[in-house]
Amino acid sequence: MAKANKKSTGVLFAVGAGIFAACMGLGTGSGRAEQLVANADRQQQDSPRPSVKPGVTTAAIAPSETPSRSRVDAKPVRRAATSVRGPYYVDFRARTAASYGHAFVWYGKTSERQVEVAGLHPKGDTLPYVLGHLMWVPSETGASYGDLDVQYLTASYRVYLSEPDAKKVFAYIKHLQATSPVWNAETTNCTAFIGQIAAFMGLKTPFHLMKPEEYVNQLKAMNGGRQTVQLAADQ
């Protein structure tokens, strides 16, 4: 019996030692995995460049005739890390079109795969666009056809914001959408619309009668390509 007990004790000790060693190994692997995930998250959050496709409607965008395009899934890509970038952004963008192009903004949070779209364009198809060169026509302020397709992108200027400033800027964008009922090719057009957003953010803005691609590139050049803004305390 003594021999049997001794043998059992030895087996139990060996099993216990094996379990202890396995737990230590798992703990180390888990810690390493968490470190890898943390590193990957930091790289992803620094600067997502969305590759978008039509998504679902969200309440964050002002109502338009095409609400299903107002918020979209975006796939981020890696960029170099920097400690001065804020967690939110506004991306001034231009794309090709049947005429001279279109200017609009993407905005959102860098750590999220979703973006919101705002831009001023005629409500309807060809006829409102043609009439809009002679008079004011009803407008829409959400995403238009092509805003969500990165293959049409011709220019982009992204600026990062802190959370308090982003709340103010995003609220202003929604206010601008709600108070821009008409479009005109020479006055209340797409470049003038994104120019108001840029001016609210404290950026220097070019004259609005430019092709959208030229306007976005000039906007970036006039501001020295700066990547961050801080709103005035009274805004």
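His121 stands opposite Glu140 in β7. That facing pair belongs to a predicted model. The protein chain has 235 residues, and buried residues make up 39% of them. Its secondary structure comes to 5 helices and 9 strands. Along the sequence, these elements follow the pattern α-β-β-β-β-β-β-α-β-β-α-β-α-α.

**The open sheet**

- Strands β6, β7 and β9 make an open sheet of 3 strands, in the order β6-β7-β9.
- The pairing in this sheet is antiparallel.
- Strand β6 covers residues 121-122, and strand β9 covers 182-183.
- Both are edge strands, so each pairs on one side only, by the cut-off of at least two bridges between paired strands.
- Strand β7 spans residues 137-140 and is joined to β6 by 2 bridges.
- Strands of a sheet pair through backbone hydrogen bonds, either parallel or antiparallel.

**The β4-β5 hairpin**

- β4 and β5 form a hairpin, with 4 residues between the two strands.
- They pair in the antiparallel sense over 3 bridges.
- Within this pairing, Val105 stands opposite Ala118 in β5.

**Aromatic contacts**

- The structure holds 6 aromatic pairs.
- One of them joins Tyr107 and Phe170, whose ring centres are 4.9 Å apart.
- The planes of these two rings stand at 55°, so the pair is tilted.
- Tyr107 lies in strand β4 (residues 102-109), while Phe170 lies in helix α3 (residues 163-178).
- The pair therefore ties together parts that are 63 residues apart in sequence.
- A pair of aromatic rings is described by the distance of the centres and the angle of the planes.
- Tyr107 counts as buried, because its relative accessibility is 1%.
- Phe170 is buried too, with a relative accessible area of 12%.

**Charges over rings**

- Arg93 lies over the face of Trp106, at 3.5 Å from the ring centre.
- Arg158 lies over the face of Tyr89, and here the distance to the ring centre is 3.9 Å.

**The largest pocket**

- The largest pocket holds about 770 Å³ of space.
- It is lined by 35 residues.
- Closest to the pocket centre are Arg95, Ala97, Ser99, Pro122 and Tyr129.
- Three elements each supply at least two residues of the lining: β6, α2 (126-131) and α4 (190-200).
- By class, the lining has 15 nonpolar, 14 polar and 6 charged residues.

**Val130 in helix α2**

- Val130 has its place in helix α2.
- Val130 is partly exposed, because its relative accessible area is 46%.
- Asn184 is 54 residues away from Val130 along the chain.
- The C-alpha atoms of Val130 and Asn184 are separated by 9.8 Å.

Definitions and conventions:
Residues numbered from 1 in each chain as written. Predicted model: local features only at pLDDT ≥ 70, side-chain atom pairs only at ≥ 80, totals over all residues. Heavy atoms only, no water. Phe/Tyr/Trp six-rings, centres within 6.5 Å; stacked < 30°, edge-to-face > 60°. Buried < 20%, exposed > 50% of the residue type's maximum accessible area, 1.4 Å probe, protein only. Lys NZ or Arg CZ within 6 Å of the ring centre and 35° of its normal. 1 Å grid on protein atoms, 1.4 Å probe; cavity = no way out; pocket = protein on both sides within 12 Å on 5 of 7 lines; lining within 4 Å. Points joined across faces, edges and corners; volume = space filled by probe spheres on them. Nonpolar A, V, L, I, M, F, W, Y, C, P; charged D, E, K, R; others polar.
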